[in-house]
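Trainee: Please take me through the elements of this structure. I want each label set against its definition.

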Amino acid sequence: MKMDKLDKTLHILLSESSVYDNMPLPNNQHDKRNLLRAFLNIRPPRPISREFLAAQDAELQLQLAKKGVVTVSQTEPCGCDERVRLWQGDITRLQVDAIVNAANGALLGCFVPLHKCIDNAIHSAAGIELRLECNRLMQRQRYAEPTGKAKITKGYNLPARYVIHTVGPIVSGGVPSQKQEKQLSDCYRSCLETATVHAVESMAFCCISTGEYGFPQQHAAEIAVATVLDYLNTTKYTTIKTIVFDVFSRNDYTIYRELLQ
């Protein structure tokens, strides 16, 4: 009997370790997809077969089709600048030239199975190739990615052509220092500069450093909007024509909508 792509990916991943020799597969698609995501999350960045990549890519494209692709025209225009738009939802659905990932210093994605951070979501939707490319970048660099800087990779199974990875500041106690405020602004500017170098015309920002990194949402949004508008209005040359602020929570949507009007 011929296995479907999802079962094939799972069988290949299970075969990588004798620990999973007697592990049965779930009997429904939802649980199988969660298991695939969990395995992709925990798998170290080591080589994988072309057979696996073909099956994985086919499965992730099916998942994308189910979620649905969102184009720039489906996002919300903003009153502050015709180049700036707003959208509430899953950033891995956006069909733009580049999406921004709030990464950690290792730049390899989140290794916590099924974690709800954006780093996990982006790597899970892009596929194992993204971690492998990030690993090649970090092997060449040989030190952790500095806070406020940015790296660009392919998007693989995402509708976005590129992922721009940036490491935001971690705020303890809910009150950022002036240094952390500057670091967050540097994240946005580094992403914009990287995007221009790679001729990106449309890009989507997530809410960098909020959530688990503890930067207060309102203040982070104010820095994000101010930095992006300053870049658009003062940079002599940029390829960027459209920027989407992507938010996930209703609270973030309300904050950005007020700022962008």
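**Strands and helices**

Mentor: Strand β8 (residues 202-205) and strand β9 (residues 242-247) run parallel, joined by 4 bridges. S202 stands opposite T242 in β9. The model is predicted: local features need pLDDT of at least 70, side-chain atom pairs pLDDT 80 or more, while totals for chains, interfaces and linings use all residues. Residues are numbered from 1 along each chain as its sequence is written, and side-chain values use heavy atoms, without hydrogens and water.

Trainee: What makes β8 and β9 a pair?

Mentor: Pairing takes at least two DSSP bridges between two strands. β8 and β9 have 4, so they pair.

Trainee: Which strands are the edges of the sheet?

Mentor: The open, mixed sheet has 7 strands, in the order β2-β3-β9-β8-β5-β7-β6. β2 (76-77) and β6 (150-154) are its edges, as each pairs on one side only. Strands here are DSSP E runs of at least two residues, and helices are H or I runs of at least four, numbered from the N terminus.

Trainee: Why are α1 and α3 called oblique?

Mentor: Their axes cross at roughly 140° and come within 8 Å. Angles run from 0 to 180 degrees between N-to-C directions, with axes fitted to C-alpha atoms, for helices over the stretch in contact. Under 35 degrees is roughly parallel, over 145 roughly antiparallel, 65 to 115 roughly perpendicular, and the rest oblique. Therefore α1 and α3 are oblique to each other.

Trainee: Which residues of α1 make the contact?

Mentor: K5, L6, K8, T9, I12 and L13 of α1 do, with E51, F52, A55, Q56, A58 and E59 of α3. Contact means heavy atoms within 4.5 Å.
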